[in-house]
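Here are my notes after going through the model you sent. Have it open alongside as you read.

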Amino acid sequence: MSAESNIPVIAIDGPTASGKGTVAQMVSAALGFHYLDSGSLYRLAGLAASKRGVALDDETAVAEVARHLDIRFSGNDVFLDNQNVTEDIRSETSSQNASRVAALPAVRTALTDRQRAFRQAPGLVADGRDMGSVIFPDAQLKVFLTASVEARAQRRTNQLKSKGNSAILVDVVKELRIRDERDSNRPVAPLKKLDDAYLLDTTAISADEAASKVLAWFKGQV
Ligand code: CDP
């Protein structure tokens with residue numbers, strides 16, 4: 001066993017707006033673990049490629065950009081080439097661009113080591129689409145967090161509005177379905193529940209309750 005594989009990982013995968021980011025952050029704070037928001041790396045790769053005028057379907061060129069991303073996380077802020085892009089990477093355009101570049105196998109490979117480097121003592125909570133399947137297949141706990149399309153769309157709408165963006169529920173539902181469809185049907189690392197993952201449906205429970213459930217599962221195992 002390598003030294004890294006002794007460091008516990010909790011993989012929380014699931015579709016957009018399922019609450020996995022919020023829950024993963026709560027769990028990591030409760031345990032004092034590191035946190036990996038893997039989606040932000042795909043968002044940054046999409047944004048960096050756009051800024052450099054690289055076509056988002058040019059797999060080799062986008063992978064090259066992804067491999068050399070100059071990024072820094074500082075608290076809740078994210079920097080790309082020393083510019084604060086925290087808001088930029090959360091826009092709907094960035095979401096769709098992230099999902100497009102994430103479908104390219106070479107881009108996923110380019111980001112693999114960067115994601116694994118987050119596995120540091122005392123442990124890691126990683127959220128994404130393929131944390132349990134590809135990046136940390138030996139994770140101590142795998143959770144597939146989901147919720148109904150309606151609940152997810154409502155959450156995303158509230159989130160956008162709270163940040164002062166205009167958001168119409170029917171448009172959000174449409175965009176969410178496009179991303180779900182693309183993320184679930186791509187040949188590499190598609191979004192799906194693994195057999196060894198615990199299913200957690202958050203349609204009718206709060207983020208606090210979901211985090212407590214994940215912590216109970218984790219504590220029951222170690
Ligand atoms: O928060 P939300 O789930 O809406 O987005 P995200 O986690 O930031 O991910 C943005 C996009 O990146 C997703 O639609 C996926 O296409 C892609 N992604 C991925 O393919 N694999 C990951 N581990 C994380 C994100």
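This is a predicted model: local features need pLDDT of at least 70, side-chain atom pairs count only at pLDDT 80 or more; totals for chains, interfaces and linings use all residues.

1. The largest cavity has a volume of about 70 Å³. Among the lining residues are Thr16, Glu92, Arg156 and Arg179. By class, the lining has four charged, three nonpolar and two polar residues.

2. The second largest cavity comes in at about 50 Å³. Here β1 (9–13) and β7 (141–146) supply at least two lining residues each, and β7 gives the most, with three. The lining includes Asp13, Lys142, Phe144, Lys192 and Lys193. Sorted by class, that lining has five nonpolar, four charged and one polar.

3. Now have a look at helix α2 (residues 38–51). Its 14 residues should span 20 Å at 1.5 Å a residue, and the end C-alpha atoms are 20 Å apart, so the two agree. Eleven of the 14 residues are buried, so α2 is largely enclosed by the rest of the structure. Arg43 is one of the buried residues, as are Tyr42 and Leu44. After the helix comes Gly53, with a positive phi near 75 degrees.

4. Last, Asp81, in the loop between β4 (77–80) and β5 (83–84). Its relative accessibility is 33%, so Asp81 counts as partly exposed. Leaving out residues up to four places away in sequence, Asp81 touches Arg52 and Asp70. With Arg52 there is a side-chain to side-chain polar contact at 3.2 Å. The C-alpha atoms of Asp81 and Ile71 are 6.4 Å apart, with the two residues ten apart along the chain.

Conventions
Residues are numbered from 1 along each chain as its sequence is written. Side-chain values use heavy atoms; hydrogens and water are left out. Helices (H or I, at least four residues) and strands (E, at least two) are DSSP runs, numbered from the N terminus. The expected span of a helix is 1.5 Å times one less than its number of residues. Buried means under 20% relative accessible area, exposed over 50%, partly exposed in between (1.4 Å probe, protein chains only). Contact means heavy atoms within 4.5 Å. A polar contact is a pair of N or O atoms within 3.5 Å; within protein, one must be able to donate a hydrogen and the other to accept it, and residues adjacent in sequence count only if both atoms are side-chain atoms. On a 1 Å grid over the protein atoms alone, a cavity is a set of points where a 1.4 Å probe fits but cannot get out, and a pocket is an open set with protein on both sides within 12 Å along at least five of seven lines; lining residues have an atom within 4 Å of a point. Grid points are joined across faces, edges and corners, and a volume is the space filled by probe spheres set on the points. Ala, Val, Leu, Ile, Met, Phe, Trp, Tyr, Cys and Pro count as nonpolar, Asp, Glu, Lys and Arg as charged, and the others, Gly among them, as polar.
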